[in-house]
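Here is a note for a colleague who is opening this structure for the first time. Please keep the model in view while reading the points.

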Amino acid sequence: MRPALQIQSGQQLSMTPLLQRAIQFLQLSSLEFTQEVREALANNPFLEAAEASEEDLDGSGTTESAVAAEAPAEPEPAPTEPEPDAVLGDGLSTGPWESRLGGFDSDDEFDPALQVPATRTLRTHLMEQAGCLPLSDRDRVLVQTIIDALDTSGYLSQPLAELIDMFPPDQAPQPEELNVALRFVQAMEPAGVGARSVAECLRLQLQAMPEDRPGRTLALAIVEHHLDLFASRDFQRLQRELQCDDTALGEATVLIRKLTPRPGAAFSVEQAQFVVADVIVHKVKSKWVATINPQVVPKIQLNHVYANILQNARDTAGGQIGQQLQEARWLLRNIEQRFGTIQKVAQAIVDRQTRFFDYGDVAMRPLTLRDIAEAVGLHESTVSRVTSRKYMATPRGLLEFKHFFGSHVETAEGSPCSATAVRALIKQLIAAEEPSKPLSDIKLTRLLEQRGIKVARRTVAKYRDLLQIPPVEIRRLSYRPQQRAIAGGASSA
C-alpha cells in the first residue's frame, strides 16, 4: 500500500486555561480557597476589600451579598490599600474580642501565636529526667546520645553499633557502656521508652508495675515468648503452652491490652489541621436547609475607580493591565459560581439524607455521586470535586460531604441499605449485649438478618473492626476479671 494523506474533520473538547482554573478553584478546601483569594487581592489592583454590612457582621449574610456587584450607583473615592486580615470574613466580631483583650489598641500589640503554650517534646521530657540522675560526664553524653536517637514513638530503631560509629575513634564507647546508658533511658518515664521492639516495649511496661499485680507474671511470659499467639488470638493454644486457666489468661489479657505500644505518642508533635464548615445545616419549618457559611465567603469587590480609568485609556486596555481587569472579573464570577454549586450539591445531599438528620446513622440512606449528579444536573466528576474536602456543620456534628456517600448492602426486600446504617446497627447490638454472653460475628449476622439485612459474616467482622470493637473472645475475657472482682467484693462484704 502506498502512503497517502487524508483530511478528516472532527470535534474535540479542549479546556481553556480559565476553565482549568475554575475547576481547580472548585476542588479547593475553604482554607486553600481563602489563601488563593488573598493572593489575588494582594497582586491585582482591580480587587479591593468590600466593607462588611451589618447583615454580614451578625452572620446572616448570603452568597449573593458577599461578593459585591460590579456596577456602583455612583463614583467612589480613591481606594486605600486594604489590610490583609480585613479581606475575608473570619467570623470574629469585634465586640467580644475587645472585652477579651481589654487594653490592646492594635493587632500589633497582641499576637495570638505567642499565647500558645510551648510544646513539650519527648526529648525534653527525658533530658529533664537525665539531669536528675547521678551520672558521670561520659555516661551523661551516652544517655543523651541514646535519647537523641529515639524516634517519635519512643523506640530506639538504630542498632547500638551504629551509635558507636558516631563517636570519634579515640572516644568510642564500649558496647557494655552503651548498654548501661540504654538501661538508664529505659528506666525513665514513660515506661517502655528506649525499647527496640514491641515485645521489649511491653515487657518494660509490665516490669514497671508492682510485682503483686494480678496477671503480671503471666503477661510477662506472653509478651516474651508467645506474643505471636496473642496477636493471632489463639487463646486455646496459649492456655496449653502456659498451662493456665481461663481466669488467669483473662487477667493477663486485660493487663496487656492496657499497655501502649507507642510510649512516645503522647509527646509527638502533629500539626493541627483546622477545618471550617462550608455549609450550615439547620431546620426551617420542619425542613432541613443547607446554606453557605458566610464566614468562608470572601468580602471582595471590583475597584471601579481603577476600572473606569482603564476603560477611558484605550491604549492600555489590551495590555497587561487589561488582562488583570479581566482576571478580576473572572475571579468574582467564579467565587459566585463556586459557592452556588456547593450550596446546590449540599442541599441535594440534605434532601436525600433527611432521615439521618432526624434519627442518626441508623437511618442513613445509600447514596452515590451519580445520584447527586443527576439531581443537580452536573457531571459526576464535578460532584466529586465539590464534595472533596468540604464540610457541613450539622446538629450531629461537623461532617465531611463524603460521609453521606458509601457502599451499600442488599436487604431481604431487595432494597439497598447503607453500610453506615449497618455499622450503626452492629454498634447498637454490641452495646446492648449481655457482658457475660457477648455476641459473636455469626450471632450478629443472624440478628441483622432478622431485621431484613443480609450480610456475610466476614462483612460483619470487617465492619466491627472498623468500629474498633474487639472480637467476642477478647470481650468475653475482658469481662471475666471484672466478674471475679465483683464476686470477691461481695463475699468479703
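## Notes on the model

1. Start with helix 22. This is a predicted model. Helix 22 spans residues 457-466, and its buried residues are Val460, Ala461, Tyr463 and Arg464. These four lie on the same side of helix 22, because the arc they cover around the axis is only 165°. Arg458 and Leu466 sit on the other side of helix 22 and are exposed. Just after the helix comes Gln468, with a positive phi of about 60°.

2. Next, the partner of helix 22. Helix 21 covers residues 441-450, and its axis comes within 9 Å of the axis of helix 22. The two axes cross at roughly 105°, so helix 21 is roughly perpendicular to helix 22. Helix 21 brings Asp441, Ile442, Leu444, Thr445 and Leu448 to the contact. Helix 22 brings Arg457, Val460, Ala461 and Arg464. Of these, Val460, Ala461 and Arg464 are also among the buried residues of helix 22.

3. Look also at Lys427. Lys427 belongs to helix 20, residues 419-431. Is Lys427 buried or exposed? Lys427 counts as exposed, because its relative accessibility is 52%. In sequence, Lys427 and Leu467 are 40 residues apart. In space, their C-alpha atoms are 7.6 Å apart.

4. In what order do the four strands of the open sheet stand? The order is 3-2-5-6, with mixed pairing. Strand 3 (287-292) and strand 6 (397-400) are at the edges. Each has a single partner strand, so one side of each has no neighbour in the sheet. On average, neighbouring strands are turned by 30° against each other, direction ignored.

5. Take the pairings one by one. Strand 2 (residues 279-284) pairs with strand 3 in the antiparallel sense, over six bridges. Within this pair, Val281 has Ala290 of strand 3 as its bridge partner. Strand 2 and strand 5 run parallel and are joined by two bridges. There, Val279 stands opposite Met392 of strand 5.

6. The last pairing is a hairpin. Strand 5 and strand 6 form it, with two residues between them. They pair in the antiparallel sense over four bridges. Tyr391 stands opposite Glu400 of strand 6.

7. Strand 5 has two faces. In a regular strand the side chains alternate between the two faces of the sheet. Here, Met392 and Thr394 form the covered face of strand 5. Tyr391 and Ala393 form the uncovered one.

8. A helix lies over the sheet. Helix 16, residues 320-352, lies across strand 2, strand 3 and strand 5 (391-394). Helix 16 runs at about 160° to strand 3.

9. Then the cores. The largest nonpolar core has 47 residues. Which residues have the most contacts inside it? They are Val279, Val281, Ile349, Ile372, Met392 and Phe404. Helix 16 gives the most to this core, with 13 residues.

10. Leaving aside residues up to four places away in sequence, Phe404 touches Ile349, Gln353, Phe356, Phe357, Met364, Arg365, Leu367, Met392 and Leu399. Two of these, Ile349 and Met392, are also listed with Phe404 for the most contacts inside the largest core.

11. Helix 13 shows sides too. In helix 13 (residues 235-242), Phe235, Leu238 and Leu242 are buried. They are on the same side of helix 13, because their arc around the axis is only 50°. The face turned away from this buried side carries Gln236 and Arg240, which are exposed. Gln243 follows helix 13 and has a positive phi, near 55°.

12. Asn43 is in helix 2, residues 30-43. Asn43 counts as exposed, because its relative accessibility is 59%. Asn43 and Gln324 are 281 residues apart in sequence. From C-alpha to C-alpha, Asn43 and Gln324 are 9.2 Å apart in space.

Terms used. Residues are numbered from 1 along each chain as its sequence is written. This is a predicted model: local features need pLDDT of at least 70, side-chain atom pairs count only at pLDDT 80 or more; totals for chains, interfaces and linings use all residues. Side-chain values use heavy atoms; hydrogens and water are left out. Buried means under 20% relative accessible area, exposed over 50%, partly exposed in between (1.4 Å probe, protein chains only). The arc is that of the directions from the helix axis to the C-beta atoms. Two strands pair if DSSP finds at least two bridges between them. Axes are lines fitted to C-alpha atoms, for helices over the stretch in contact, and angles run from 0 to 180 degrees between N-to-C directions. Contact means heavy atoms within 4.5 Å. A nonpolar core is a set of buried Ala, Val, Leu, Ile, Met, Phe, Trp, Tyr and Cys residues joined through side-chain atoms within 4.5 Å. Angles under 35 degrees count as roughly parallel, over 145 as roughly antiparallel, 65 to 115 as roughly perpendicular and the rest as oblique.
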